[in-house]
Structure formats: C-alpha cells, structure tokens
Amino acid sequence: MAEPVKDKIEMNSLLVSPDDSSPINDPKTSLHLPSPGTSYGSTLSVGPEASTANLLKIDLEKKINRHTGEERETWGNRAEFLLSLIGYAVGLGNVWRFPYLTQKNGGGAFLIPYAVMLAIEGIPLFYLELAIGQRLRKGAVGAWNQVSPYLQGVGIASAAVSFNLALYYNTIMAWCVLYLVQSFQSPLPWSTCPTHIEGNVTIVNKECQISGPTTYFWYRETLNVAPSINSKSVLNWKLVLALLAAWVVVFLCMVKGIKSSGKVVYFTATFPYVVLVIFFFRGITLHGYQSGLEHLFIPEWKKLADPQVWLDAATQIFYSFGLAFGCLIALASYNPVRSNFVTEAFFVTIADFFTSIFTATVVFCVLGFKATATYEECLRDNNITMSTSDGNGTVTKCDFKTIISESASGTGLAFIAFTEAINQFPVPQLWSVLFFLMLFTLGLDSMFGTLEGALTSINDMMLFPTARKEVVCGIVCGTMFVISLCFATTTGSYVFAMFDSFSANIPLLIIAFIECVAMSYVYGLKRLSLDVEMMVGTRPSYFFMFCWRFVGPVAMVVIFTASIVEKISNGTWYEVWDSSKGFAVMSPWPGWCQVVAALMILSSILWIPGVAIAKYFRLISWKEEVASYFPEEELIEERSIEPHEDTVIEKYLLGFK
C-alpha cells in the first residue's frame, strides 16, 4: 500500500491504478496515489486517516462524464427525483387524455384493459427503464449503444418520439395559456353564448345555442376550427402567441437542466392534487353526477372484444408513465448508484393509476351533470316522462347514454367538462385561474421529462460538442416552436389529432418490445439481476423477469397485430366539428393524411433497423461506447453479495448462463 500523505486525495483516484486506470481488485490493500495532474472530477476528498469502510462509501455515486472529464449532474436529493417522476408521469395525460379515452372506449370497459396493461407493462417497464438509466448512467442513446452497438437506433427512435410528443404536447399548454388569460374576465367568456342585435331584438348565436356555451367557446373561440382537415388553413394569432409563451416558459425552466427543473417540481408536482380535490368535492354536489359515475364505472363488456380498446389502454400506459420515450432512462441516469428506484417505481406507477381514476371521476361527475340537464330538457321539450323506443330496441328520443357520449368528446373533453364545472362555482374566475394554472403546471412537469429525454440524447450523440447546454436547449425549443405553428391554425386541431393518433402509439409498442427483448436476450437477465442487487440490495422478482422476457413482448405483439388488422378492416377516423349539430362527428382520414401518418410512424421506428444496418456494413464510422463510471466491485463488497447459484427456473426459462 502506498505511504500515507498529508494532502487529501480523491476517492475515484484511490480506486484506480496509476498505470492502466483499471479497477483495483482489492481496495483494502491496493490503494494507489494518482499520477500527477490526474483528476477524476470528484468533489469529496478523504485523508489518509479514513477507514476502508468509509472509503467504500464516499463519493461512489459520482459519475464522470466521458466527454469532458467533469461530473455528471445529480439530483439535489431523493425528493427531487421522486417529485420529478411524479410530475413527469402524473401530467396532462391523466386530466386530458385518460378521461376522453375512457369515454371513447365504453366507460368502465376501458378500465379493465388499462388495469391489465398496468400490471404486465406499466410497472415492469417503469422498473426496467429506471434500472437501465441508473446502472448505465446515460441517456437512451448512450445506454442502448452500450447494451449493443446495433441497438443505438432504439435510443434515437425514443428521442424521435419524444420530439414528436413535445411538439403537440406543448400545444395543450398553449390552450391552457389562452384559457388562463381569459379567466380574469367577468363574466367568464364561456359562461354565456355570444349575442348580436338586429333592430331591437337580441339574437343569440345559433351554433352556441345548439352546442352550449362551453363547447362553443372551445371549438369556435379557442380553436376557430375549420370544417375538416381538407379546409383552407389560416393562422390563429391568439394561439401563435400562446404557443410562444408556452415555449419560452419551458425554455426558462429547462435552461439549467435538472438543477432548475428539480426545484420547480416541488410546486408543479403537488399543486395539481390540491385543485383536483377541490373540484372533486364540487363535482359530487352537482345534480346528476351519479349518472356520470355509472357511465364511468359500469363497463360495456362487448368493448373488450375490440382490439382498439386494448391498443388505447396500452398506449395510455406508455403516455401516462412516459415509457419507451427514453425520458425515464435519462432522469434515472442522474440518480446516485445506491438509490432504491424500486420503491419509486411502485409508488409512482400506483399513484399515477389512481390519479387517472380520480381525475376521470371528477370529469364524469361534470359530464353526468351536463348530460342530466340536457336529458331533462329533452324530456320537457318532447312532453314525455322517459326515453322512448321504436319497438326494435332503437331509442328515438332523449336517450341519456347517447347524450352523455355527445356532451363532450375528443381532445377538448377536459376543457369543456371542467369549464362547465367552473361555471357552477361561486367566484368562478378564481377557480378558473386555479384550474388552468394547474393544467399548465401539469404540462410543464411532463415537458421537463419529455424534453430532457431529447436533450440528453443530443448530448449522447455529441451533435453540438462545443455548444453550451443553454444554447442547445434554446435551439431545440426554437425549432420546435416553429414546427408547432402547424397546430396554431384553423385546421390545427385536426393536425393535433393526427399526431396524437399516430406519432407515438405504434412506435412506442415497437420500442418497448425491443427494450424487453434486448434486456432479456442480449444484455441478459442474469446480468441485470446482479446490477439491480448491487444498486438496491435485492434481486428483481420472477414476476418482473417473466414480464420482461415473455408476457410483455407477447402482449405487445398481439395488440400490435390486432390493431393493424382492425385499422385495415375498419379504416381510420377522426372527429370533425359539425356546427349544424353542435357536436363532433366521425369522418374518415383522407388518403394524404394516412400517408403523412405512415411517414410519421416510420420517422421514428426506421432508426432502429437503419442504424443497425449502417453499423453492420460500416456505412458510418463509430466508436465503441465508453462505459460510465460505476463502482461495481465496491458495491459488491459493501453489500456482501455472494455468488448466485442459478435455479432451474432461471436456467431453463429465464436464460441465465
């Protein structure tokens, strides 16, 4: 052992041989001085009086950036990481997307496949991605390149999907900005229908009379929606300014990386729950709320035979938990190596699931209120006491189920339903400000994770090797703002629907399938199990390993195949606003839109075979991925991990070798 010295030396240097920088097998007896001028980026130092036990515990969490020799950013504390995960997972998808998918897919019938997908996809994949990020200490591109050079395209595909998602996700935040700004008016602009005077008579807008003031305000005042996607497209300048404001806020929060976003989440991850609880207690006091809850929780069993329902459930799991976007890998890569991510995985996924149910409960309370009011008005207008049938089982008048299905639908469901509830509150301006501020913070949380996945991938690929992170963030946000102007037009809501329907669902299934197969058959579950044991002290259960190796991939293949067959058989449809009827109707996507949708899907998944082929035939020059610093031997000794004897199940079913 080297002689003690008075000067302090860095822990990372102590554990590295001065000759070849290889790990020392026995740090108890082989601690060496670093060569002159060598620095490994550690900020914590130890003196010669430090014990071996302390040496093993000091500064092992620090990751050395392979490009600059500087330390990788880390979360300020565990609370920041947990709140960032909650903020990323619990987002607009819970308030905006989950309720309308539930309504679209038969209410309670959607909850069953959603719960199944949570068990076999949601929790296992969330666990897996956190393990990958924390162990390999890189974003998605670098991590998959380290698993296998031929898998780097998986990381790029994840970044491409994140890019597409961020494009239209920030549009929702722009809608929130518009509503938030107009929430200071009295009365609220969506509380009454607009009127105009003809002679001495005040005429109420006919379209608003048919649809209702909240629905009219959404489609006509906010979106100024065109009759179809084939209509002439004109910029909506209010939306353009709102989009600009949303992207500026995102940039300011992301410009310093996790050091800035990690602090913001203390507010953005907790504030939404306070507002949702308030709206829940208001919702259950509204007349007819119970009818909405019946529609939510009583399933239409025939819907379970529709593969689209299962695809929507699987896709919503990916959206809600942020799976296969590469964002979870990026967020976990900033974790200390000993962080117990398993606890976070269970807590966040279960919290997200119940948040979705809770939010849907609030939304359907309001939908029940709206539909009940319309239903009772229909009965009065037709002078009948109940809904009637033509004798063949077809309801001809005042069918509550039809009314609640048409009362609000599509991507604007949350905006329409909650503004209706806000109208029933005392001092509605106050609650309107709170609600849309809540929506904005939810979107901001999700954008942190989504954009971090894209930015970390850009850093891994060294696309801007000399540029400061602030400059790269500004370039990305500016570029995405310009592209997202396509959503700020009169046909923008239809383009938005196209992105929502095609940009992520199929690509995410494919990426997640390859993730499971790669970690099970390429990286190996035996190796992964040891990695997890080193980090958290326990090995993953058989349930998770079976899900990664068998159940998850099979479920994804079945859902993918069934959904393709269903789309070919029934075609693809989108919702078009019908001003004469006062609600949205279904219309088939034009042929050119289907071509664009196919290109949108291919723009992300083609990276997977493309990069593999290019590397195999050496069409591009590439270097072997340099492994990030991970104190494997020290953790094994610290946790007293003994060699594992493989069981029969592990050998013959899980592929342990």
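Me: Where does UniProt place the feature "binding site"?

Reply: The UniProt record, an unreviewed entry, puts it at S320. UniProt positions follow the numbering used here, feature names are shortened, and annotations may be inferred rather than shown by experiment. The model is predicted, with local features requiring pLDDT of at least 70 and side-chain atom pairs pLDDT 80 or more, while totals for chains, interfaces and linings use all residues. Residues are numbered from 1 along each chain as its sequence is written, and side-chain values use heavy atoms, with hydrogens and water left out.

Me: Why is S320 called buried?

Reply: The term buried stands for under 20% relative accessible area, exposed for over 50%, and partly exposed for what lies in between (1.4 Å probe, protein chains only). S320 has 1% relative accessibility and therefore counts as buried.

Me: In which helix is S320, and which residues does S320 contact beyond four places in sequence?

Reply: S320 belongs to helix α14, residues 307-321. Helices (H or I, at least four residues) and strands (E, at least two) are DSSP runs, numbered from the N terminus. A contact requires heavy atoms within 4.5 Å. With neighbours within four places set aside, S320 contacts Y88, A89, V90, N94, Y114, D352 and S356.

Me: How do you describe the packing of α3 and α16?

Reply: Two packed helices are described by the angle between their axes and the distance between the axes. For α3 (residues 78-89) and α16 (residues 341-382) the angle is about 35° and the axes are 10 Å apart. Axes are lines fitted to C-alpha atoms, for helices over the stretch in contact, and angles run from 0 to 180 degrees between N-to-C directions.

Me: What is the handedness of the crossing of α3 and α16, and which residues make the contact?

Reply: A crossing is right-handed if the near helix is turned clockwise from the far one by less than a right angle, and left-handed if anticlockwise. The crossing of α3 past α16 is right-handed. On α3 the contact involves R78, F81, L82, L85, I86 and A89, and on α16 it involves T343, E344, F347, V348 and D352. By class, 7 of these residues are nonpolar, 1 is polar and 3 are charged. Here Ala, Val, Leu, Ile, Met, Phe, Trp, Tyr, Cys and Pro count as nonpolar, Asp, Glu, Lys and Arg as charged, and the others, Gly among them, as polar.

Me: What makes C193 and C208 a disulfide, and why is the disulfide called left-handed?

Reply: A disulfide is a pair of cysteine sulfur atoms within 2.5 Å, and the sulfur atoms of C193 and C208 are 2.0 Å apart. The torsion about their S-S bond is about -85°, so this disulfide is left-handed. C193 lies in the loop between α7 (152-182) and β3 (195-198), whereas C208 lies in helix α8 (residues 206-211), so the pair ties together parts 15 residues apart in sequence. Both C193 and C208 are buried.

Me: How do you know that C378 and C398 form a disulfide, and where do they lie?

Reply: Their sulfur atoms are 2.0 Å apart. A torsion of about -85° about the S-S bond of C378 and C398 makes this disulfide left-handed. C378 is in helix α16 and C398 in the loop between β6 (395-397) and α17 (400-406), so that distant parts of the chain, 20 residues apart, are linked. C378 and C398 are both buried. The structure holds 2 disulfides, and the bonded cysteines, counted along the chain, pair as 1-2, 3-4.

Me: Why do C365 and C593 count as buried?

Reply: C365 has a relative accessible area of 0%, and is therefore buried. C593 is also buried, at 1% relative accessibility.

Me: Why is H295 called buried, and which residues does H295 contact?

Reply: The relative accessible area of H295 is 12%, and H295 is therefore buried. H295 sits in helix α13, residues 289-297. Beyond four places in sequence, H295 contacts G107, G108, F364, I404 and S405.

Me: What makes T572 buried, and where is T572 in the chain?

Reply: T572 has a relative accessible area of 15%, and therefore counts as buried. T572 is in the loop between α23 (542-570) and β7 (573-578).
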